[in-house]
Amino acid sequence: MIQPIIEDHFLVCGLGSLGQHCVLSLKEFGVKVIAIELIEPPSWEIPQIPELLDDLIIADCRQNRVLKQAKIEQCRAALLVTTNEQVNIETALAIRQLNPKTRLIVRSGKDNLNSLLQEQLGNFIAYEPTQLPASAFAIAALGTEIRGFFTLDGKRLRVIERHLKPKDNWCYVRHLHELNSRTRRLLSYQEGTPKFSGLFHQWNPETILQPGDIVTYIESADTLTMQSEITAFMSAQTSPITQNWRNKIKRSLSRLWKKGRQYIRLVALISGGIVLLLLFIGTILIHNYYGESTFLSAFLATMILLLGGYSDLFGELREIDDIPAWLQLFSLGLTLAGTAFVGVLYALLTEALLSAKFQFTQHRLPIPQQNHIVIVGMGRVGKQVATLLKEFKQTFLGITFKLDNNDSGILSQMPLISGNLQDILPQANLATAKSIVVVTDDEILNLEVALMAKKLNPHTHIIIRTAGQQLGQHLMQILPQAQIIGAYGVAAEVFAGAAFGENILTIFRLDNQTILVTEYQIEAGDTLNGLLLAEVAYGYGVIPILHQKPPNSSNLMPYYDIRLSVGDRLIVLATIDGLRCIEQGRLAIKSKQWRIYVEKAANEDAAFEGANAIARISGCSLIMARNLMKELPATLSVPLYNHQGERLVRELNKLRVEAKLIE
């Protein structure tokens with residue numbers, strides 16, 4: 001998993017956009033990377049790729065001789081990331097025959113097949129790269145303080161970025177270390193514009209919060225609470241006057257619609273009643289005039305007249321002379337009345353049938369008018385984003401340029417418009433939209449949409465999907481307020497992390513950097529084995545958020561004085577830099593350079609408890625801590641990290657032991 005074997009090789013099959021980003025991420029770990037590509041590209045998306053590769057083989061990666069040429073026997077992991085899923089699966093099967101120990105990381109979206117292959121091949125994991133950043137797009141589109149959400153062992157967690165206002169109850173009274181609790185961990189602190197450095201714990205724990213500060217933290221929260229808070233936040237974005245105006249309009253339209261429906265039903269009832277009355281009167285009159293007729297024949301004759309059959313009964317002149325003029329006129333009246341009222345019933349019935357057919361074949365929600373999210377591009381990523389936004393009870397609109405009328409998924413449950421870009425974009429009410437997520441597969445089209453959106457609404461929040469590294473950098477210059485998310489760059493970090501045996505559970509974005517939620521299973525020889533969680537957190541710049549010592553249940557936000565051992569399960573938040581440091585056993589933060597100077601204890605009980613605290617937090621032996629407390633004043637010889645030492649000083653002061661941190 002994290003054994004620092006420098007001579008290990010890593011194989012990348014497929015040097016498309018994702019493959020090149022995987023090479024770049026792997027080389028950050030300082031390992032040897034060999035690549036196989038069917039056809040050498042005329043130009044590289046990342047120009048330095050040829051120099052980064054230790055070997056490039058132009059051939060079919062499915063062939064055994066090619067895999068042997070790529071030194072598959074020495075490969076610790078193989079990243080199979082061609083655009084053809086069949087090629088990736090065939091290559092995985094071939095590699096497993098040649099090397100049963102190579103870890104396989106496969107690009108594939110076939111969930112059921114991936115699960116079966118994982119059982120059969122072992123040491124196998126698959127990802128669909130286009131879906132990995134979907135949650136990042138959805139969260140960015142919300143425009144709320146939430147920066148991420150995921151579930152661990154059935155417990156929902158969320159990442160919050162909080163901008164402190166003067167009346168915030170945290171201001172002037174809370175120290176940064178006080179934000180940490182059994183349900184919360186501080187991730188980042190900034191005094192102005194948020195800018196995450198890539199490593200955690202880069203702040204002074206004794207800092208007092210002030211208005212204007214920005215704190216980012218992770219906390220536990222259930223799904224219902226999260227959804228209700230998002231909904232409440234969105235409601236708060238609309239002013240009371242605007243909200244009242246919208247409610248009045250909705251009520252007025254609802255009343256008009258109900259009245260219209262009532263009028264239609266009333267006309268239908270009146271027309272039907274008149275037709276029935278005329279049918280009854282005609283049947284009685286005809287039966288009385290023609291005594292030999294039956295009620296049935298009189299009824300049928302009247303029905304024929306109502307349906308416009310006057311000529312059928314009185315079509316010959318010789319027969320008319322035998323019929324009284326009043327009956328002829330009455331019959332003519334029946335035909336005219338029937339033509340009018342039966343015609344109304346026909347029209348209403350036809351309208352109802354056509355309306356029902358239209359609703360059955362194409363039922364779309366109306367286009368939102370304001371405070372909505374616009375998703376441009378309804379491919380795999382767009383559908384994933386729409387699904388997540390629907391779970392959050394958000395109002396959103398989809399724009400697609402290739403409408404599939406047979407789609408019965410999320411597209412059939414959302415407002416959707418399609419057509420030419422110049423024609424449909426103004427229809428999306430961008431001037432009043434909250435944010436626009438541009439996630440088509442065409443980067444140039446994404447750029448065009450983003451620029452048009454900015455022109456229509458300079459204040460809207462724009463989130464853009466890019467595949468290439470260079471275009472993303474250029475977009476940040478011309479659209480500084482937009483969020484640029486490189487889909488393949490984000491996915492490559494997940495693939496690279498998985499190549500070292502780590503289980504990447506999910507990801508989220510923090511200040512344009514990808515945070516990997518990574519699971520470790522501690523094994524003998526691991527760089528983490530035997531360390532305190534404090535040493536893992538402060539030394540490697542990561543955030544431990546879950547610890548489990550099987551068969552015991554897992555603990556969220558564990559105390560940092562737990563010592564890891566073989567068999568433990570640990571989940572941390574880390575950037576690719578943090579994972580690299582753990583893999584190489586190289587500290588990301590300054591080495592331990594602080595010590596505790598203990599002056600005196602209030603009494604023997606304080607000295608006893610103080611020794612326990614020193615042993616627990618510093619990791620030294622209990623005997624060493626007891627001896628220290630017997631020789632006060634004295635300095636603990638075990639060096640500590642700054643955050644670790646500050647915590648120990650606070651604990652000792654609570655126990656009435658005077659101590660301070662010295663460098």
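Author: Two strands are said to pair if DSSP finds at least two bridges between them. The model shown here is predicted. In this model, an open sheet of four strands has the order β7-β8-β10-β9, and the pairing is antiparallel.

Reader: What makes β7 and β9 the edge strands?

Author: Strand β7 (146-152) and strand β9 (184-190) each pair on one side only. On average, neighbouring strands of this sheet are turned by 15 degrees against each other, direction ignored.

Reader: How do you know that β7 and β8 pair?

Author: The cut-off is at least two bridges. Strand β7 and strand β8 (residues 155-163) are joined by six bridges in the antiparallel sense, so by the definition they pair. Within these strands, T151 stands opposite R156 in β8.

Reader: Why is strand β1 described as largely enclosed by the rest of the structure?

Author: A residue is buried if its relative accessible area is under 20%. In β1 (residues 9-13), five of the five residues are buried, and therefore the strand is largely enclosed by the rest of the structure.

Reader: Which residues of β1 point one way, and which the other way?

Author: H9, L11 and C13 point one way, while F10 and V12 point the other way; all are buried. In a regular strand, side chains alternate between the two faces of the sheet.

Reader: How do you know which strands pair with β1?

Author: Bridges are again set against the cut-off of at least two. Strand β4 (residues 75-80) runs parallel to β1 and is joined to it by five bridges; here L80 is the bridge partner of C13. Strand β2 (residues 32-37) also runs parallel to β1, with five bridges, and H9 stands opposite K32 in β2. By the definition, therefore, β1 pairs with β4 and with β2.

Reader: What makes up the β-α-β unit, and what is its handedness?

Author: The unit consists of β1, helix α1 (residues 17-27) and β2, and it is right-handed.

Reader: Why is C61 called buried?

Author: Its relative accessible area is 5%, and the cut-off for a buried residue is under 20%; C61 is therefore buried. C61 lies in the loop between β3 (55-58) and α3 (64-69).

Reader: Which residues does C61 touch?

Author: Not counting residues up to four places away in sequence, C61 touches C13, I36, V66, L67, V87 and T91.

Methods. Residues are numbered from 1 along each chain as its sequence is written. This is a predicted model: local features need pLDDT of at least 70, side-chain atom pairs count only at pLDDT 80 or more; totals for chains, interfaces and linings use all residues. Side-chain values use heavy atoms; hydrogens and water are left out. Helices (H or I, at least four residues) and strands (E, at least two) are DSSP runs, numbered from the N terminus. Axes are lines fitted to C-alpha atoms, for helices over the stretch in contact, and angles run from 0 to 180 degrees between N-to-C directions. Buried means under 20% relative accessible area, exposed over 50%, partly exposed in between (1.4 Å probe, protein chains only). Contact means heavy atoms within 4.5 Å. A crossover is right-handed if, with the strands pointing away from the viewer, the path from the first strand over the helix to the second runs clockwise.
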